[in-house]
Amino acid sequence: MLRYILAVAIAAATVMPSASVAEREATETAKRELVSRNEVPGQSFRDYLKLFQPRKEVQPVEISYTKAWLDQQPKASGGEDLKCLAEALYFEARGESVRGQFAVAEVILNRVESSRFPNTVCGVIRQGTGKKYQCQFTYTCDGRKEVIHEKKAYERVAKVAKAAIEGVSDPLTSGATHYHTKAVRPSWSRVYKETARIGVHIFYRHNYRTASN
């Protein structure tokens, strides 16, 4: 009888895993499940499902080319390109209509997109600076120090600059890369194609195409 009992005990120990082995396997399984869950973005199933939800479309900004509309916009802030464009608009077009200011900003941005000009806003505006009256934007090489006296006007053109960089306004100049006031008629205006007249400025496009025309 004792021999039979020993045989049964040995067989049971061989077939059934010990409690320690079972616990180890359970622990390893739990770890694997935990790792799998942690690999899911957001670390929760609800956050994971959000990845597959359709993104909300960006609502278009309704723009009005008026000072009243500009005054309703938040104060403009941004990097070096915004600062350069706002400064250019201040010295080149602060007395122009709001639409005219957007058109001047558009010319500068069209130049950025063209391979014939520098590929940054600041680079376009400062092209030729250092050679008196041989620069692209006269205020940068007329020998006068650029001082912003009209802070309200600067705040407004800075908002124009930000909106232009963000692509808020519709194209106004048909891809123009040049402009001049109606008070002058530079020699190049006889060669380039006139594209628009807005406020006190006439806009032109060279005989090459930019990304926006």
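Helices (H or I, at least four residues) and strands (E, at least two) are DSSP runs, numbered from the N terminus. The model on screen is predicted: local features need pLDDT of at least 70 and side-chain atom pairs count only at pLDDT 80 or more, while totals for chains, interfaces and linings use all residues. Residues are numbered from 1 along each chain as its sequence is written, and side-chain values use heavy atoms, with hydrogens and water left out.

**Stop 1: the second largest pocket**

A pocket is an open set of points on a 1 Å grid over the protein atoms alone, where a 1.4 Å probe fits, with protein on both sides within 12 Å along at least five of seven lines; its lining residues have an atom within 4 Å of a point. Select Glu 106, Leu 109, Asn 110, Ala 164 and Ser 169, which lie nearest the centre of the second largest pocket among its 16 lining residues. Next colour α6, which provides the largest share of this lining, five residues. The volume here is about 240 Å³, where volume is the space filled by probe spheres set on the points, and points are joined across faces, edges and corners.

**Stop 2: the largest pocket**

The largest pocket has a volume of about 460 Å³. Of its 20 lining residues, select Glu 92, Gln 136, Thr 138, Tyr 179 and His 180, the closest to its centre. Show β1, the source of the largest share, four residues.

**Stop 3: the largest nonpolar core**

A nonpolar core is a set of buried Ala, Val, Leu, Ile, Met, Phe, Trp, Tyr and Cys residues joined through side-chain atoms within 4.5 Å. Buried means under 20% relative accessible area, exposed over 50%, and partly exposed in between (1.4 Å probe, protein chains only). The largest such core has 42 residues, and Leu 85, Leu 89, Phe 102, Ile 108, Val 121, Ile 125 and Phe 203 have the most contacts inside it. Keep α6 coloured: α6 gives the most to this core, nine residues.

Now centre on Ile 108. Which residues is Ile 108 in contact with, leaving aside its neighbours within four places in sequence? They are Leu 85, Ala 88, Val 121, Val 124, Ile 125 and Phe 137; contact means heavy atoms within 4.5 Å.

**Stop 4: Ser 174**

Finally, select Ser 174, in the loop between α8 and β1. Ser 174 has a positive phi of about 55° although it is not a glycine. At 44% relative accessibility, Ser 174 counts as partly exposed.
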